[in-house]
Amino acid sequence: MATTNATILIPDISGFTEFMTTTELNHSTLAINMLIDAMIKAIGDEYEVAEIEGDAVLLVRKGSAPSREEILNTCMNIFNAFHYQRKWMQQHMVCPCGACQAITNLTLKFVVHHGPVAEITVGRFVKQSGPEMIIAHRLLKNSIGSNEYLLITEKLFEEEINNPVQDELEWVSSSEEYPSIGTVNYRFALLNNAREKVPELPRLQNDYCVDNTCYVEKPIPANFRDVYMIVMNIPGRAEWVPGLRKVEQDIPAVFIGSIHYCTFEDYQAVVSPLRMTLSDEQIFYAESCIIPRLDLSLVYEFVFNKLDEKSCFFACRFLNNGQSPIPEDLHAELSQSMQDLAEKLAAYCIQMEGSPFDPAFQKE
């Protein structure tokens with residue numbers, strides 16, 4: 001069993017577990033995967049990704065301890081990538097479930113430690129272990145009254161005691177007592193101010209022209225959120241949208257800007273979500289729909305108004321988003337398709353009564 005000195009860095013996501021339920025597992029899993037992927041891309045070549053541990057990443061850097069400046073730079077790169085991705089997901093989210101709406105509450109904490117670790121090789125896998133690795137993991141459970149901080153063990157923090165490092169963080173000394181380990185001293189700094197400095201996202205380019213086209217309206221005996229989840233689940237529309245044979249997409253998710261290729265009997269439509277607004281009584285959702293064969297550029301609007309816990313009032317309409325007016329015969333055909341869609345949706349919801357609704361995120 002080989003032993004080597006290494007820096008152990010663990011970025012750990014907080015604030016998600018309590019929102020996860022069985023029906024939202026696909027949603028939460030995809031969100032965590034996207035966040036961890038953004039974090040890993042921000043690490044560079046300094047650290048080896050030793051393991052993905054649920055909501056955390058175990059990073060190892062062999063050799064002598066890095067300077068505190070190097071630690072700060074690495075952690076802030078990961079921190080900014082995490083929160084920029086979180087903001088992107090929040091801005092592009094069209095799902096109203098607890099897991100998806102909880103993205104705004106996610107935080108990131110870091111534990112950094114240095115010491116000798118043992119390497120165990122099993123087949124083609126190398127796993128780090130030993131007392132120092134146990135200490136690093138135990139430190140994730142501590143008495144710090146925040147879920148967003150940088151924790152560095154005291155010995156590693158004092159590596160440059162004779163060459164003081166100036167940074168903007170306010171460091172606090174603390175310690176924890178762990179069974180079989182004893183007292184572990186460390187310094188920590190809250191990252192509240194760092195979060196405020198994460199760059200803002202560009203404004204979404206999702207504007208479109210609105211006219212006085214009438215809505216098709218239909219009462220539906222189902223909860224307004226459940227009805228919305230059926231409509232928003234674009235990959236699952238082939239089960240109920242008239243004439244739709246299949247839906248293909250590049251990623252297994254529905255976001256603002258995601259592209260969905262919907263194949264009908266005699267044409268293909270390219271659908272992309274534009275916006276979603278959510279309240280306790282209503283959900284508004286809009287998507288673009290381009291049909292190249294008919295030279296059509298449309299926007300579909302869907303409104304879901306709550307009547308009570310088991311019924312809602314559904315409304316939908318199409319808007320012309322192209323440069324030329326829609327021919328009369330085609331306009332009449334589109335109007336009829338809206339009527340058919342509302343009827344089929346209501347019938348599908350009645351059929352689904354008492355069954356779990358499909359999640360918006362699909363497995364690959």
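Accessible areas here come from the Shrake-Rupley method with a 1.4 Å probe, and for residues only the protein chains shown count as cover. This is a predicted model, in which local features need pLDDT of at least 70 and side-chain atom pairs count only at pLDDT 80 or more, while totals for chains, interfaces and linings use all residues. Residues are numbered from 1 along each chain as its sequence is written, and side-chain values use heavy atoms, with hydrogens and water left out.

**Figure 1. The whole chain, as a starting point.** Eight helices and 15 strands make up the count of elements in the protein chain; helices (H or I, at least four residues) and strands (E, at least two) are DSSP runs, numbered from the N terminus. Its C-alpha atoms fill a box of roughly 80 × 45 × 40 Å, taken along the principal axes. The protein chain exposes about 18400 Å², with carbon and sulfur atoms supplying 49% of that area. Of its 364 residues, 48% count as buried, where buried means under 20% relative accessible area, exposed over 50%, and partly exposed in between (1.4 Å probe, protein chains only). Among contacts (heavy atoms within 4.5 Å) with a separation of 6 or more, 64% join residues 24 or more positions apart.

**Figure 2. A look into the largest pocket.** About 620 Å³ of space lies in this pocket. On a 1 Å grid over the protein atoms alone, a pocket is an open set of points where a 1.4 Å probe fits, with protein on both sides within 12 Å along at least five of seven lines, and lining residues have an atom within 4 Å of a point. Grid points are joined across faces, edges and corners, and the volume is the space filled by probe spheres set on the points. The lining has 28 residues, and Pro242, Phe264, Tyr267, Tyr300 and Ser337 lie nearest the centre of the pocket. Which elements each supply at least two lining residues? They are β11 (260-264), β12 (268-278), β13 (282-291), β14 (296-308) and α8 (328-351). Of these, α8 gives the most, with eight residues.

**Figure 3. Ile283 and its surroundings.** Ile283 lies in strand β13. Ile283 has a relative accessible area of 0%, so this residue counts as buried. Leaving aside neighbours within four places in sequence, Ile283 is in contact with Pro96, Phe224, Arg225, Tyr228, Met276, Thr277, Leu278, Phe302, Val303 and Phe304.

**Figure 4. Glu154 in helix α5.** Glu154 belongs to helix α5 (residues 154-157). Is this residue buried or exposed? Glu154 is buried, because its relative accessible area is 16%. Beyond its neighbours within four places in sequence, Glu154 is in contact with Asn185, Tyr186 and Arg187.

**Figure 5. Two loop residues with positive phi.** Ser180 sits in the loop between β7 (172-178) and β8 (182-190). Phi of Ser180 is near 70°, a positive value in a residue other than glycine. Ser180 has 85% relative accessibility and therefore counts as exposed. Asp295 is found in the loop between β13 and β14. Although Asp295 is not a glycine, its phi is positive, at about 55°. With 71% relative accessibility, Asp295 counts as exposed.
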